[in-house]
Amino acid sequence: MNPYVSAVLLSGLGLGTTLTFASSHWLLAWMGLEINTLAIIPLMARHSHPRAVEAATKYFLAQATAAAMLLFASTTNAWLTGQWEIQQMPHPLPITMIPAALALKIGLAPFHSWMPDVLQGLDLTTGLIMTTWQKLAPFALLLQMQPVNSTTLLILGLASTLIGGWGGLNQTQLRKILAYSSIAHLGWMALILQFMPSLTLLALLTYFIMTSSTFLAFKLTNSATINAIATSSTKTPALTALMPLVLLSLGGLPPLTGFMPKWLILHELTKQDLIPIATFAALTALLSLYFYLRLSYAMTLTMSPNNLTGTSFWRLQTPQPTLPLAMTTTSAIMLLPLTPTAVALLSP
């Protein structure tokens with residue numbers, strides 16, 4: 001793609017998200033979300049491959065449906081209350097419909113079915129943008145809405161943690177596994193959103209760091225399937241030694257960074273007397289941990305020629321920049337000792 005076109009599209013992504021961040025009016029927020037959607041669709045279809053075009057079409061249909069729901073709910077709220085303010089949502093109909101529309105935007109269960117198929121049709125760079133940057137604007141709107149129907153968010157969160165863990169068990173494509181990982185992590189954020197919004201931001205930040213490290217590592221090794229990562233030790237031995245730690249951090253295993261948000265979320269749910277929900281969420285985390293362990297096993301414990309149909313590659317110097325990968329990998333592994341600082345910053 002022409003670099004000038006890429007610059008315009010990336011600027012559109014930044015403009016749409018910034019417009020939504022700065023909006024207190026539902027119509028402006030909706031415009032920001034639409035600018036975001038229209039900017040990323042050409043990036044999805046830039047390879048002119050039938051699978052990429054299919055993914056872009058599915059993404060457009062899902063986002064258009066969510067945008068129509070959001071516009072209908074906000075117009076209904078304006079009709080019932082006479083104002084368009086995001087912070088003023090007294091009627092139960094828009095309070096229920098708008099979180100459902102935003103859940104469809106970001107891929108929360110049970111509105112998740114488009115996300116694995118869309119992510120599977122994208123290259124890893126565009127997939128990284130979709131699983132990180134595209135979540136910011138909808139979460140900003142969820143954080144601004146007060147009050148939110150807590151029952152709706154709890155149902156969405158529990159369904160997402162369960163389906164995100166369950167759906168990734170039998171996958172062999174890395175991008176589908178990362179899609180279900182995204183669904184599960186977003187479920188954890190939805191669980192705590194109503195009770196402690198600052199903790200949702202912490203969980204979103206740590207998820208961005210860990211997911212960026214994973215996508216960049218798979219891009220560096222040019223891996224798309226589980227069998228492909230089994231030969232990565234011949235190309236990048238140091239990265240192959242560190243990647244299981246990043247994957248286990250995504251699963252929330254102590255003493256890695258990913259344990260911090262899960263630990264704090266379970267603690268806050270227990271303080272809110274939601275012990276059954278905290279227990280269910282902790283059990284569903286074991287499902288996600290299983291397929292992260294599966295990836296770790298395939299990456300480090302299956303060595304050529306014992307792996308399935310794997311071939312060894314020459315260890316050549318990569319032309320890709322490795323500084324972002326080094327920074328995100330280090331952060332995904334070693335930030336747990338900063339938990340007391342995070343707790344102090346989150347405290348009112």
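Of the 348 residues in the protein chain, 55% count as buried; buried means under 20% relative accessible area, exposed over 50%, and partly exposed in between, with a 1.4 Å probe and protein chains only. This is a predicted model: local features need pLDDT of at least 70, side-chain atom pairs count only at pLDDT 80 or more, and totals for chains, interfaces and linings use all residues. Residues are numbered from 1 along each chain as its sequence is written, and side-chain values use heavy atoms, with hydrogens and water left out.

**Overall build**

- The protein chain has 16 helices and zero strands. Both are DSSP runs numbered from the N terminus: helices are H or I with at least four residues, strands are E with at least two.
- The radius of gyration of the protein chain is 20 Å, which agrees with the value near 20 Å for a compact globule of 348 residues. The radius is taken over C-alpha atoms, and the globule rule is 2.2 Å times the number of residues to the power 0.38.
- Along the principal axes, the C-alpha atoms fill a box of roughly 70 × 50 × 35 Å.
- Take contacts in the protein chain between residues at least 6 apart in sequence: 78% of them join residues at least 24 apart. Contact means heavy atoms within 4.5 Å.

**Surface and charge**

- The protein chain exposes about 15,200 Å², and carbon and sulfur atoms supply 71% of that area. Accessible areas come from the Shrake-Rupley method with a 1.4 Å probe; for residues, only the protein chains shown count as cover.
- There are 13 positive and 7 negative side chains in the protein chain. Lys and Arg count as positive, Asp and Glu as negative; His and the chain ends are not counted.
- The centres of the positive and negative sets lie 15 Å apart. Each charge is placed at NZ of Lys, CZ of Arg, CG of Asp or CD of Glu.

**Aromatic pairs**

- The structure holds four aromatic pairs. Rings of Phe, Tyr and Trp (its six-membered ring) pair if their centres lie within 6.5 Å; planes under 30 degrees apart count as stacked, over 60 as edge-to-face and the rest as tilted.
- One of the pairs is tyrosine 59 with tryptophan 114, an edge-to-face pair at 5.6 Å centre to centre, with 65° between the planes.
- Tyrosine 59 sits in helix α3 (residues 50-81) and tryptophan 114 in helix α5 (residues 114-120), so this pair ties together parts 55 residues apart in sequence. Tyrosine 59 and tryptophan 114 are both buried.
- Phenylalanine 291 and tyrosine 292 form a tilted pair, because their planes stand at 50°, with ring centres 4.8 Å apart. Phenylalanine 291 is buried, as is tyrosine 292.

**Buried helix residues**

- Threonine 214 belongs to helix α10 (residues 197-221). Its relative accessible area is 0%, so threonine 214 is buried.
- Beyond its neighbours within four places in sequence, threonine 214 contacts Leu178, Met243, Val246, Leu247 and Leu250.
- Leucine 104 is in helix α4. Leucine 104 counts as buried because its relative accessible area is 11%.
- Not counting residues up to four places away in sequence, leucine 104 touches Ala62, Gln63, Thr65, Ala66, Met69, Phe111 and Trp114.

**Backbone exceptions in loops**

- Most residues other than glycine have a negative phi, and most peptide bonds are trans.
- The bond from alanine 109 to proline 110 is cis, with omega near 5°. Proline 110 is in the loop between α4 (92-106) and α5.
- Proline 254 and proline 255 are joined by a cis peptide bond, with omega about 5°. Proline 255 lies in the loop between α12 (237-250) and α13 (259-271).
- Asparagine 222 is not a glycine, yet has a positive phi of about 55°. Asparagine 222 is in the loop between α10 and α11 (226-229), and is exposed at 67% relative accessibility.
- Aspartate 273, also not a glycine, has a positive phi of about 60°. Aspartate 273 lies in the loop between α13 and α14 (275-300), and is exposed with a relative accessible area of 65%.

**A partly exposed helix residue**

- Threonine 341 is in helix α16 (residues 339-346). Its relative accessible area of 45% makes threonine 341 partly exposed.
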